[in-house]
Amino acid sequence: MSQQQISLPAKLINGGVAGIVGVTCVFPIDLAKTRLQNQRSGQQVYKSMMDCLVKTVRSEGYFGMYRGAAVNLTLVTPEKAIKLAANDFFRHHLSRDGKGLTVFKEMLAGCGAGMCQVIITTPMEMLKIQLQDAGRLAAQQRKPVIMAATKLGSTNAVLSRSYNVGPAPVVRKVSATQIAMELLNTQGVSGLYKGLGATIMRDVPFSVVYFPLFAHLNRLGQPSPGENAPFYWSFLAGCAAGSTAAVTVNPCDVVKTRLQSLSKGVNEESYEGVMDCVSKIMRKEGPTAFLKGAGCRALVIAPLFGIAQVMYFVGVGEFILGYTPFNLYSA
């Protein structure tokens with residue numbers, strides 16, 4: 001990589017195509033991850049990932065598993081493009097001395113990529129989580145128990161109208177555009193960046209772990225130092241590195257999900273910030289709560305980044321722009 005001239009448009013196309021393909025394949029598991037992470041002890045609606053998916057299909061239909069997919073597919077293109085292209089950009093400039101990259105420099109490049117992507121990741125996750133968690137809140141309200149209504153603030157006016165606690169809640173579908181406009185009207189741009197600190201805490205360490213680990217695993221599949229690894233090896237390397245990084249930062253992902261959930265279920269507390277969230281989860285649910293959804297997250301990230309790296313290293317962008325021929329087996 002460091003020996004080649006970087007084509008930024010091609011890298012952006014690669015990242016965008018990779019993101020769209022990957023998200024389409026794994027979004028239902030991501031939805032299950034969000035709903036499992038938002039469950040509190042004693043108020044579980046879903047017992048496991050499969051239980052969540054089965055109940056989602058029964059109550060919301062097949063397309064219920066793709067609630068929030070539209071906003072994710074819209075924003076995942078710039079998000080993945082920025083993440084992958086930024087990592088290549090930093091690696092390219094950090095290896096200009098011709099000596100290659102040390103592990104520290106690889107981690108530094110990953111850190112830079114993680115910092116760049118949160119510009120898109122934070123609002124994308126913010127909107128996606130509201131749509132993904134809506135079904136859990138509605139299912140919780142249908143349970144035959146009597147619980148006090150949760151106090152809802154002005155920041156979730158749109159969602160509170162849809163999921164007020166009552167004997168027979170009528171769920172009105174709310175779009176990402178409506179939620180975004182409500183947040184912009186009430187809080188300005190900062191409303192879309194709620195949970196920014198937790199997102200940085202998740203995405204920067206993820207990139208620091210993922211990119212160096214992938215680079216080293218992928219290097220093991222190279223037939224010779226001057227050749228690229230075959231596409232299937234890049235896929236396996238992406239899966240292994242992605243799942244490892246995902247499980248490593250899962251506690252930060254739980255905190256981010258809780259902070260970005262505007263609408264709360266019955267008897268679900270609100271959080272004032274990262275430390276308040278960590279403290280309350282530890283005190284009320286114990287340390288194992290930080291591992292909620294870890295299996296789902298690994299199952300999401302592994303194929304997502306495996307697919308992403310295959311698309312990226314195959315060079316779809318370079319092929320579209322006419323820079324290189326399409327060659328799957330030598331990618």
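Mentor: Contact means heavy atoms within 4.5 Å. In the protein, 78% of the contacts with a separation of 6 or more are between residues 24 or more positions apart.

Trainee: Where do these values come from?

Mentor: This is a predicted model, in which local features need pLDDT of at least 70 and side-chain atom pairs count only at pLDDT 80 or more, while totals for chains, interfaces and linings use all residues. Residues are numbered from 1 along each chain as its sequence is written, and side-chain values use heavy atoms, with hydrogens and water left out.

Trainee: How many helices and strands are there in the protein?

Mentor: The protein has 13 helices and zero strands; these are DSSP runs numbered from the N terminus (helices H or I, at least four residues; strands E, at least two). Along the sequence the pattern therefore reads α-α-α-α-α-α-α-α-α-α-α-α-α.

Trainee: And what share of the residues count as buried?

Mentor: Of the 331 residues, 53% count as buried. Buried means under 20% relative accessible area, exposed over 50%, and partly exposed in between (1.4 Å probe, protein chains only).

Trainee: Now the core. Which residues have the most contacts inside the largest nonpolar core?

Mentor: They are M49, F206, Y210 and I301, in a core of 34 residues. Such a core is a set of buried Ala, Val, Leu, Ile, Met, Phe, Trp, Tyr and Cys residues joined through side-chain atoms within 4.5 Å. At least two residues of this core come from each of α1, α2 (49-60), α3, α4, α8, α9 (231-248) and α12. Apart from it lies another core of 11 residues, including L127, L131, I179 and A180.

Trainee: What does M49 touch?

Mentor: Not counting residues up to four places away in sequence, M49 touches I29, A32, L36, C296 and L299. Beyond its neighbours within four places in sequence, I29 is in contact with M49, C296, L299 and V300.

Trainee: Is I29 buried or exposed?

Mentor: I29 counts as buried because its relative accessible area is 19%.

Trainee: Changing topic: how many cavities of 30 Å³ or more does a search of the whole structure find?

Mentor: The search finds two. A cavity is a set of points, on a 1 Å grid over the protein atoms alone, where a 1.4 Å probe fits but cannot get out; lining residues have an atom within 4 Å of a point. The largest cavity holds about 300 Å³ of space, a volume being the space filled by probe spheres set on the points, which are joined across faces, edges and corners.

Trainee: Which residues are the closest to its centre?

Mentor: Of the 23 residues that line the largest cavity, K80, E125, R297, I301 and L304 are the closest to its centre. Two or more lining residues come from each of α1 (8-38), α3 (69-94), α4 (103-142), α8 (196-219) and α12 (294-314).

Trainee: One of those, E125, interests me. What makes a polar contact with the side chain of E125?

Mentor: The side chain of K128 does, at 3.0 Å. A polar contact is a pair of N or O atoms within 3.5 Å; within protein, one must be able to donate a hydrogen and the other to accept it, and residues adjacent in sequence count only if both atoms are side-chain atoms. K128 is in helix α4 and is buried, since its relative accessible area is 3%. K128 and T34 are 94 residues apart in sequence, yet 9.5 Å apart in space, C-alpha to C-alpha.

Trainee: What about D253: where is it found?

Mentor: D253 is found in helix α10 (residues 250-260). D253 counts as buried because its relative accessibility is 0%. The side chains of D253 and R202 are joined by a polar contact of 2.8 Å. Not counting residues up to four places away in sequence, D253 touches K33, Q37, R202 and R297.

Trainee: Then K33, please. Which helix is K33 found in?

Mentor: K33 is found in helix α1, and at 2% relative accessibility it counts as buried. Leaving out residues up to four places away in sequence, K33 touches D253, T257, G293, C296 and R297.

Trainee: Lastly, what does F305 touch?

Mentor: F305 touches K80, K83, F206, Y210 and G238, not counting residues up to four places away in sequence. F305 lies in helix α12 and is buried, with a relative accessible area of 3%. Its C-alpha atom is separated by 9.8 Å from that of K80, 225 residues apart along the chain.

Conventions:
1 Å grid on protein atoms, 1.4 Å probe; cavity = no way out; pocket = protein on both sides within 12 Å on 5 of 7 lines; lining within 4 Å.
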